[in-house]
Amino acid sequence: MQKRVAICAVAQIKNDPNLWYARFQNMLLECFEGIMSQTNVTFDMEKGIRTVITCSDDVWDARTISNNGMTDVVGAHFRGEEKMAQESLNGLGYAMASILSGHDDVVLFMGHMKESQPESRNMCTNLAFDPFYCRPLGMDFVNVNAMQARAYMEKAKITEEHLAKVVVRARKNASKNPFARENDPVSEEDVMKSPLLADPLRQLHYYPSTDWAFGMLLCSEERAKEFTDKPVWITGYASCMDSYFLGDKDLTSNFSLKNATERALKKAGIKDIKKDIQLFELCDHAAYQLPMWAEGIGLVNDGYGGRWVDDGGMDEFNVNVSGGMLNGNPLLLGGAARAIECFYQLRGEAGERQVKGAKRALAQSTYGAAGQHQAVVIFEV
Amino acid sequence: MALDYDRKDCFIVEGKLALPYSYFAGRVGSTFITTLRDKKKIMGVKCPVCNKVYLPPRQTCERDLTDIRDNWVEVQPAGEVVNFTVVRYDDKHLPRKAPFVMALIKLDGADTPIVHILDGIAPEEVKIGMKVEAVFSSSPTNTILDIAHFAPKKPEKAFVSERTPAGAKGEEPVISQEEKLLKERRKAMSKKVIITAALAGAATMKNQNPSVPYTPQEFAEEAYKCYKAGAAMVHVHAREDNGMPTHDHKRIKDTHDAIKEKCPDIIVNLSSAVGMGKTPEQRISQIVYVKPEMASLNTNTMNFSIIDRKTGKIFIDFVFENTFTMLQDFGKAMEENGVKPEVEVYDLGGLDNWFLIAKQGFFTKPYNFNFVWGVAGGMAFRPDMFMVLKNALPEDSNFTTCGVGIEQFPAVTMSCLVGGHMRVGLEDNIRIPTGELAKGSWEQVEWAVRIAESLGREPATPDEAREIMGLRKR
């Protein structure tokens, strides 16, 4: 059996629409202290944390080298510090790789994002597009995702009713999650009547602007017992990048997600996800993405997402019991939020929303427009 | 669970990230952009191994890693919509005010669709599979916006003038970019006719014709109907609710914006005359404030009165002041703010006044003139005088015309006949040629369309009108 990496502890603050009165340093410090108190890990250069990985983004933080704003509060001074300016699940993969490679055996992984800081989220994501062919057209994640939504809804026979169901369920599930963003409950009718953002996406189909921070302590299999009695193991990780230009790819093919899933499952030695995995956390930036990513990881056949929602697939397979990204996590951190839910569930610490007997879980995340970059992690207890 | 922090005396730092930069487009990108800009050609690259034609072009085929950088192929400036969204939010990074259509368009000859803006169609009418064509920018932007946008493809008609001479396929004669643009513009001018609807003016009231708009909403409805009937532009004097012409910035902007909201495509041409008794400051500051695509620019101080046409009795005597200084200051303010002047010519002297001020060199080509007939204080419509004015115009000019009362339709017919454009609307005349009250300016637009059709000319779309008159779309 191949080597495993342990997650020993996680810490987070509550997802919030606007933490204007807290600096991201404050937010991280809360998480940092949570990790310290759970694990008693030290910063001893022989036995403690020598490597810190942080996840943040320059544009959103309005400063370059965004990690420089908080390396002191996460204990990263006078030791190794690396920044992942990409989806946090890729950061988790990076932390895992540092340990599996033998480069280090204890890694502190922290991340933050305040979507409330910039005047407009869409202006930020517009900058993700190249300055010549795409940016002047005003492309951003919302309007580009809208085109993917149109194509996928057509292919998988997704209706307004399906999307409404996904949104209502996300908010309902999140209401049982004490760390979830507090949103007003909505009815299916509210969703179907909510204003169009970019056809066919409606306001309530899109995840709301959110501020959040988290921390995790990872270590090698050998050392896990020093920090916890209940480690959660990472047994598989893979990511895949699809073509950059929107017109280069089939927007509904799930190419990169299928590729990442296949490789992550192979690493984890899993043959049948429906049988072997009891919990799925998917990064649904918009409602249509929940059934679409479910197709991508192989929970449902291609093009059957609509019927799957009708048939209760989301509940049958315990998909996004946390409320999902759709209820509100900041961009970049949706993956970490998924991983943290898997952690609680596998440890049996998910309270009201506990999935009984969950032994394996899958977390997925995406970054870029229209699911360009995908990452998948398999957890096990 | 939420962070329980003290919120007293918290100071929020307001900042802004703004960094001018330059960016090398790459060798492949350089060829693409300069060819697009200078030759109005859209170039892709073809992979000789998998035969895929990539747009935007690139150096290497990502499927088989073949070096494709020199394998240029021209793709057609037309293709079909394969996916689209209607952007319904406004934001600073967006190139249009909402709602606008962003589409994935597969050009004929390319395998990979590109994203671009689709204009010239109501969002609810966009369909996947519809044929669209590129509308090239009239001035270079050095970005992908050198294709200004895409628009629905017009049905192809065989115009004799457009047939390729037999055996003429060979090297095209070398002409400069400017010459080519000019040629294209002249070609467009020769068949497209811009119909403008002057919706209200300053003096026509609801008791004369109930369709005269006063409120922003009424202006928007009336403009939309005119657009549907074939108008590319509306000329606007904003009104108060009681019908009085106004120089109030907010009211004028509300009126302008209401029209653009209801009918994003149409060109709004604002009056810089506004109404009787307005000061020069009141007349020009609203133009600078609203920045419409076009505005009227008056050329001479003249009587502008209301006289009984049958008896000669004077009802209102008014001197419409347009000094050389005003012609200069208003003209400069418009050019500096990207507002194209529509030069109002009430007689030959007015045109000569314009020529004098134009010596200063600030007017940009093409120039756009409106011959106004039948104002009490100006000249009555006479076909021979029309030809004198037309023949006196400088090069690179467009002209339209309008006439007060019964001179309206004879004047616009003559203009259409001799290659000019047409302005109708309740500002100039409350009736249709049968003598009945017009149901709205739009009914006069319908008449103008019929005149154009009978003379073998097609109404220009707003974008074609922009191309002809050299306007910058807002």
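In chain B, β1(B) and β2(B) pair in the antiparallel sense over two bridges, where strands pair if DSSP finds at least two bridges between them. Helices (H or I, at least four residues) and strands (E, at least two) are DSSP runs numbered from the N terminus. The model is predicted, so that local features need pLDDT of at least 70 and side-chain atom pairs count only at pLDDT 80 or more, while totals for chains, interfaces and linings use all residues. Residues are numbered from 1 along each chain as its sequence is written, and chains are lettered from A and ligands numbered from 1 in the order in which they are written.

A residue is buried if 20 or more other C-beta atoms lie within 10 Å of its own, exposed if 12 or fewer, and partly exposed in between, with C-beta atoms placed from the backbone. Five of the five residues of β1(B) are buried, so this strand is largely enclosed by the rest of the structure. In a regular strand the side chains alternate between the two faces of the sheet. Both faces of β1(B) are covered, with Ile42(B), Gly44(B) and Lys46(B) buried on one side and Met43(B) and Val45(B) buried on the other.

Chain A contains 14 helices and 11 strands. Of its 381 residues, 60% count as buried. Two residues are in contact if their C-beta atoms, placed from the backbone, lie within 7 Å. Among contacts in chain A between residues at least 6 apart in sequence, 77% join residues at least 24 apart.

Cys8(A) lies in strand β1 (residues 5-12) of chain A. Cys8(A) is buried, with 24 other C-beta atoms within 10 Å. When residues up to four places away in sequence are not counted, Cys8(A) touches several residues, among them Thr39(A), Leu217(A), Cys219(A) and Phe227(A). Cys8(A) and Ser220(A) are 212 residues apart in sequence and 9.9 Å apart in space, C-alpha to C-alpha.

Nine of the nine residues of helix α11 (residues 289-297) of chain A are buried, so this helix is largely enclosed by the rest of the structure. The buried residues of α11(A) include Trp293(A), Glu295(A) and Ile297(A). Gly298(A), with a positive phi near 95 degrees, follows α11(A).

Between the chains, 39 residues of chain A are in contact with 37 residues of chain B. On the side of chain A that touches chain B, two or more residues each come from α1 (24-39), α4 (121-126), α5 (141-155) and β5 (196-198) of chain A. The most are given by α5(A), with five residues. The residues of this side divide into 24 nonpolar, eight polar and seven charged; Ala, Val, Leu, Ile, Met, Phe, Trp, Tyr, Cys and Pro count as nonpolar, Asp, Glu, Lys and Arg as charged, and the others, Gly among them, as polar.
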